[in-house]
Amino acid sequence: MTMIDDNSGQSLVIERTLDAPPELIWKMWTEPEHFAAWYGPGGATIPVAKMDVRVGGIRLLCMEMTTPDGTMQMWFTGAYLEVIENQRLVYTDSMSDENGNVKSPEQMGMPEGHPTTTEVRVELEHVSGGTRMVLTHLGVPAGSPGAAGWAMALDKLAANLDEARRS
């Protein structure tokens with residue numbers, strides 16, 4: 001199992017209580033069409049989401065954003081480290097090219113010291129009236145653009161859960 005070298009102690013933890021059962025939230029994280037519908041900051045789309053959700057399985061995502069300079073694509077890849085259905089999902093996350101070849105943060109124009117590989121942990125716990133979800137992203141500092149992106153994405157996740165429940 002790859003552990004993330006996080007000596008900086010930089011990690012983001014977001015806790016949300018969502019008005020939906022753990023099974024539905026699990027689907028939002030593990031089924032490509034659901035994940036693509038909410039992942040990323042406001043204005044981003046996910047035209048490609050390949051997810052082999054099992055320990056050792058690989059994920060490959062493309063995030064597309066429209067900027068004043070035109071459409072920008074960012075690719076991300078990683079591997080699933082832990083998959084406990086409806087309870088815990090752990091995967092690595094690295095910037096990559098469209099073939100899943102990992103690129104260093106420097107190659108991608110990121111600030112020095114940004115880790116090449118980060119780790120995302122999602123923990124779901126059934127609570128009265130819904131699910132307590134704890135998202136931990138190791139290697140992404142609180143207050144960073146990545147943290148702001150997660151906050152926006154989780155707002156979209158909550159909105160998608162409302163729609164899923166109504167339909």
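Of the 167 residues of the chain, 43% count as buried (under 20% relative accessible area; exposed is over 50%, partly exposed in between; 1.4 Å probe, protein chains only). The model is predicted: local features need pLDDT of at least 70, side-chain atom pairs count only at pLDDT 80 or more, and totals for chains, interfaces and linings use all residues. Residues are numbered from 1 along each chain as its sequence is written, and side-chain values use heavy atoms, with hydrogens and water left out.

**Overall fold**

- The chain has three helices and seven strands (DSSP runs numbered from the N terminus: helices are H or I with at least four residues, strands are E with at least two).
- Along the sequence the pattern reads β-α-α-β-β-β-β-β-β-α.
- The radius of gyration is 15 Å, which agrees with the value near 15 Å for a compact globule of 167 residues (taken over C-alpha atoms; the globule rule is 2.2 Å times the number of residues to the power 0.38).
- Along the principal axes, the C-alpha atoms fill a box of roughly 45 × 35 × 30 Å.
- Of the contacts between residues at least 6 apart in sequence, 52% join residues at least 24 apart (contact means heavy atoms within 4.5 Å).
- The chain exposes about 8600 Å², and carbon and sulfur atoms supply 51% of that area (Shrake-Rupley method with a 1.4 Å probe; for residues, only the protein chains shown count as cover).

**Nonpolar core**

- The largest nonpolar core holds 35 residues; Trp29, Trp38, Met133, Trp150 and Leu157 touch the most other members (a core is a set of buried Ala, Val, Leu, Ile, Met, Phe, Trp, Tyr and Cys residues joined through side-chain atoms within 4.5 Å).
- Helix H3 (residues 145-166) gives the largest share of this core, six residues.
- Leu157 contacts Leu18, Met28, Trp29, Trp38 and Met133, leaving aside neighbours within four places in sequence.
- In soluble globular proteins, nonpolar side chains tend to be buried together.
- Helix H1 (residues 22-30) is largely enclosed by the rest of the structure, because seven of its nine residues are buried.
- Those buried H1 residues are Pro22, Leu24, Ile25, Trp26, Met28, Trp29 and Thr30.

**Aromatic rings**

- The structure holds eight aromatic pairs (rings of Phe, Tyr and Trp, the last by its six-membered ring, with centres within 6.5 Å; planes under 30 degrees apart are stacked, over 60 edge-to-face, the rest tilted).
- Phe35 and Tyr39 are stacked, at 4.6 Å centre to centre with 20° between the planes.
- Trp38 and Tyr39 form an edge-to-face pair, with centres 6.0 Å apart and planes at 80°.
- Phe35 is buried at 0% relative accessibility, Trp38 is buried at 0%, and Tyr39 is buried at 9%.
- Trp29, Phe35, Trp38, Tyr39 and Trp150 form one aromatic cluster.

**Sites along the strands**

- Arg88 lies in strand S5 (residues 88-96).
- The Arg88 side chain makes a polar contact of 2.8 Å with the side chain of Glu82, and another of 2.8 Å with that of Glu123 (N or O atoms within 3.5 Å; within protein, one must be able to donate a hydrogen and the other to accept it, and residues adjacent in sequence count only if both atoms are side-chain atoms).
- Asn86 sits in the loop between strand S4 (70-84) and S5.
- Phi of Asn86 is near 65°, a positive value in a residue other than glycine.
- Asn86 is buried, with a relative accessible area of 19%.
- Thr45, in strand S2 (residues 45-51), is partly exposed at 43% relative accessibility.
- Beyond its neighbours within four places in sequence, Thr45 contacts Cys62, Met63 and Glu64.
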